[in-house]
Amino acid sequence: MLPRRILIADDDKVSRETIADFLQDEGYEVHLAANGHEAVAALPVFQPELVLTDLYMPGLGGLDVLQHVRTVFPQTVVFICTSETAIEVMQTAQQLGAHAYVNKPLNLDKMLLRIEQAFGISRQK
């Protein structure tokens, strides 16, 4: 079975690379985008099954990326990541079709569990 493809869009290089290293160690194929414009450009080439995007990035933010994904690749799962806790933002993300809203700082194990749930993967311990 081919590895699942995940696009990570985050303007914070350390966060982006930390998440990528963790997911690659878990067997996922990962593509990195430093901003929303790079993420949108990568979509047709990389064709991710899941997009993990930061909410606030210069230029196109996470909600813009989410809207683009929903328009072009409606079957793709989208997680919005942020330290923002405003209910209005969470509701907007859900209304636009976000699969999950993940709080920063990220707990990588919990994030992995949510990704596996989104992909219908069950871990046997």
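Predicted model: local features only at pLDDT ≥ 70, side-chain atom pairs only at ≥ 80, totals over all residues.

Me: Is M90 buried or exposed, or something in between?

Reply: The general idea is a set of cut-offs on relative accessible area: buried means under 20%, exposed over 50%, and partly exposed in between (1.4 Å probe, protein chains only). M90 has a relative accessible area of 24%, so M90 is partly exposed. Residues are numbered from 1 along each chain as its sequence is written, and side-chain values use heavy atoms, with hydrogens and water left out.

Me: Where does M90 lie, and what is M90 in contact with, neighbours within four places in sequence aside?

Reply: Helices (H or I, at least four residues) and strands (E, at least two) are DSSP runs, numbered from the N terminus. M90 lies in helix α4. Contact means heavy atoms within 4.5 Å. Setting aside neighbours within four places in sequence, M90 is in contact with T85 and Y101. The C-alpha atoms of M90 and Y101 are 6.8 Å apart in space, with the two residues eleven apart in sequence.

Me: How do I read a nonpolar core, and which residues have the most contacts inside the largest one?

Reply: In soluble globular proteins, nonpolar side chains tend to be buried together. A nonpolar core is a set of buried Ala, Val, Leu, Ile, Met, Phe, Trp, Tyr and Cys residues joined through side-chain atoms within 4.5 Å. Here the largest has 21 residues, and L7, V51, V65 and I80 have the most contacts inside it. Two or more residues come from each of β1 (5-9), α2 (36-46), α3 (62-72), β4 (77-82) and α4 (87-95). The largest share, five residues, is from α2. Apart from this core lies another, of 19 residues, including F79, V102, M111 and L112.

Me: What does V65 touch, beyond its neighbours within four places in sequence?

Reply: V65 is in contact with G36, A39, V40, V51, T53 and M57. You can follow T53 from there: it sits in strand β3 (residues 50-54). T53 has 0% relative accessibility, so it counts as buried. Not counting residues up to four places away in sequence, T53 touches A9, G62, V65, V78, F79, I80 and C81.

Me: How do α2 and α3 lie relative to each other?

Reply: Start with the axes, which are lines fitted to C-alpha atoms, for helices over the stretch in contact; angles run from 0 to 180 degrees between N-to-C directions. Angles under 35 degrees count as roughly parallel, over 145 as roughly antiparallel, 65 to 115 as roughly perpendicular and the rest as oblique. The axes of α2 and α3 come within 9 Å and cross at roughly 15°. That makes the two helices, α2 and α3, roughly parallel. G36, A39, V40 and L43 in α2 meet V65, H68 and V69 in α3.

Me: And what about α1 and α5?

Reply: Helix α1 (residues 13-25) packs with α5 at an angle of about 60°, and their axes are 11 Å apart. So α1 and α5 are oblique to each other. On the α1 side the contact is made by T18, I19, F22 and L23, and on the α5 side by L108, D109, M111, L112 and I115.

Me: Which peptide bond is cis?

Reply: Look at the omega angle: the bond from K104 to P105 is cis, with omega near 0°. P105 is in the loop between β5 (100-103) and α5 (108-118).

Me: What is the phi of Q47, and where is Q47 placed?

Reply: Q47 is not a glycine, yet has a positive phi of about 50°. Its place is in the loop between α2 and β3. With a relative accessible area of 42%, Q47 is partly exposed.

Me: Which residues does A42 touch, not counting those up to four places away in sequence?

Reply: A42 touches L7, H31 and Q47. A42 is found in helix α2 and, at 7% relative accessibility, counts as buried.
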